[in-house]
Amino acid sequence: MVAKQAQPGQPSEPLIEVHGLCVQFGNNQVLRDVDLTIPRGQTLAIIGESGCGKTVLLKSMIGLIRPAAGGIRFDGRELSELTDKQLTEQRMRFGYVFQMAALFDSMTVGQNVAFPLREHTNKSRDEVRQIVLERLAEVGLPPAVVRQKPAELSGGMRKRVGLARALAINPEVMLYDEPTTGLDPIMSDIINELMIRTRRQHPVTSIVVTHDMRTARKVADRVLMIYPLSRLAEGEPQIIYDGPPGEIEESADPRVTQFVRGEAGRRLMEMRNHHTPDTLSAS
Amino acid sequence: MEFSDDQAVAPARTRLNPMQLAAELIADVGELAMMWATALGSVLLFSWSTLLWLVTRLPRRETLLPNFYQIGVLSLPVVALTGAFIGMVLAVQSYFQFRVLGLETRLGAIINMSLVRELGPVLAATMLAGRVGSAMAAELGTMRVTEQIDALASMGANPVHYLVVPRFLSCLVLIPMLTIMADFMGVAGGWFYSVVILNIDSHHYWQNSQQFVGSFDLFTGVFKSLFFGAALSLISCHRGFNCDPGAEGVGRAATNAFVASFVVILVLDLFLGIALDAIYLAIWPEGPSIL
């Protein structure tokens, strides 16, 4: 596997430790007692169906969402104990690629990629411009896009600009939120290759939230599957698979194999029992 | 297939005794009070965080100037236009009543006094809430929905410092100027209609104005406008930051921002009016001149 060959060293000490994480929005609990340790240098794919809490877990890792209980330890420091300034410094060690790229639409592509550099470094305009062009070239975008507004770009280009922006200040950890969702198969593969190339060029730990099994198999050296709390009984663990991507198909858990193979199975029956007889008969 | 209310399946209502009804009523009122208290607390915390960031680190020039342009320069024509028309409307509405008493020349005093104390600041603030406040709520709401606010935070930029402080500062600094513009155009509009259209003597019109409208009245209006500007920017930004998902959420944030700002502007106007009158009476115990 390319990703594994490109790995800069054996995963060693834990970089991110999630312990007893519980996240709740109002009365809706999304994550319950999630424990997870991610060693430095690893590429972890977090899979699971929509609404299972993958993105919430990712956002919790940089303190964008506050947990109801439990917490996150990054490089030995508890996130909840950091001051605002320390949290800002901590966040600078992460690069976050958002699901819909989340580019600032009031700025040009160049200003978007330059944003973290201008916020946190004292680099000159020329230096910043140079880095912006380098990062855009790394993700295969020509210098001409610098002056364009995000609205003028295609979905795939926006994702790549988002990747370039996340890479701008050489992060130690890359967080990808659904990097291939909404893209055509060719562009999805390009994004997969870019993630692999990023790891080859920069010594980063990566966490990829996805429901695209192709991405998980191609990019990751460990796969974690989260199951929605609403489908679990009290006390059942929310992480239902944690292992290498090669072995996920042979999992003894039917919930895992159902997801991996993309089978509706009994869900169709459940839907039929609940609602929408017209929709189902039409399909 | 059409459904009428009669056809809708309504759950059978169980008959409640008066005690249960009273308990339900108290519970509903309590829930409403909790909701209001939570919303108020959330706005106050948001405002506190904005003020803290304002004194900690001033926003950058490149984030401030576009807001100054958007909030100040682009609002100027509409504020000037409405100011001029309100001045003329005041002249139209007051003229006949004053003519009956033979006090036409006192129109200057009543028009200009109403303008600088009340209508100028309230009108400028209302226009700003409608033109800028709802736009801010919609813009920030869209940024929330499309994760741009999360993106800012993930790159170590504080969203309140980066997005709210420049908007707050622009409203605070520019609303007095917009108020003065509304006052000026209102005074000009009132004079134009009274003197040019209704043929009231210009000299006496101004003399009466000068006699009754003092600098404290002008100060009152401009001073109040600072509170209006602060309130409308904070409320609008807060609505945007706490926007519900989807296009509907953004639309609701924009509407709520205007409605809440408008109500708060009027409530503030009342209490500031009372407070400023008390201050006036403390300084000049003989009270204001009577027309």
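**Notebook: helix packing and a sheet**

I looked up helix 2 (residues 61-73) and helix 6 (residues 159-197) of chain B, which pack at an angle of about 45 degrees with their axes 9 Å apart. The model is predicted, so I kept to its limits: local features need pLDDT of at least 70, side-chain atom pairs count only at pLDDT 80 or more, and totals for chains, interfaces and linings use all residues. Residues are numbered from 1 along each chain as its sequence is written, and chains are lettered from A and ligands numbered from 1 in the order written.

I noted that helices (H or I, at least four residues) and strands (E, at least two) are DSSP runs, numbered from the N terminus. Axes are lines fitted to C-alpha atoms, for helices over the stretch in contact, with angles from 0 to 180 degrees between N-to-C directions.

Helix 2 and helix 6 of chain B are therefore oblique to each other (under 35 degrees is roughly parallel, over 145 roughly antiparallel, 65 to 115 roughly perpendicular, the rest oblique). I then listed the contact (C-beta atoms, placed from the backbone, within 7 Å): helix 2 of chain B brings residues including B:L64 and B:F68, and helix 6 of chain B brings B:L169 and B:L174 among others.

Next I turned to chain A, where six strands form an open sheet in the order 6-7-8-3-9-10 with mixed pairing. Two strands pair if DSSP finds at least two bridges between them. The edge strands are strand 6 (94-97) and strand 10 (239-243) of chain A. I also found strand 3 (residues 43-47) and strand 8 (residues 205-209) of chain A paired in the parallel sense over four bridges, with A:V208 as the bridge partner of A:A45.

Note on methods
Contact = placed C-beta atoms within 7 Å.
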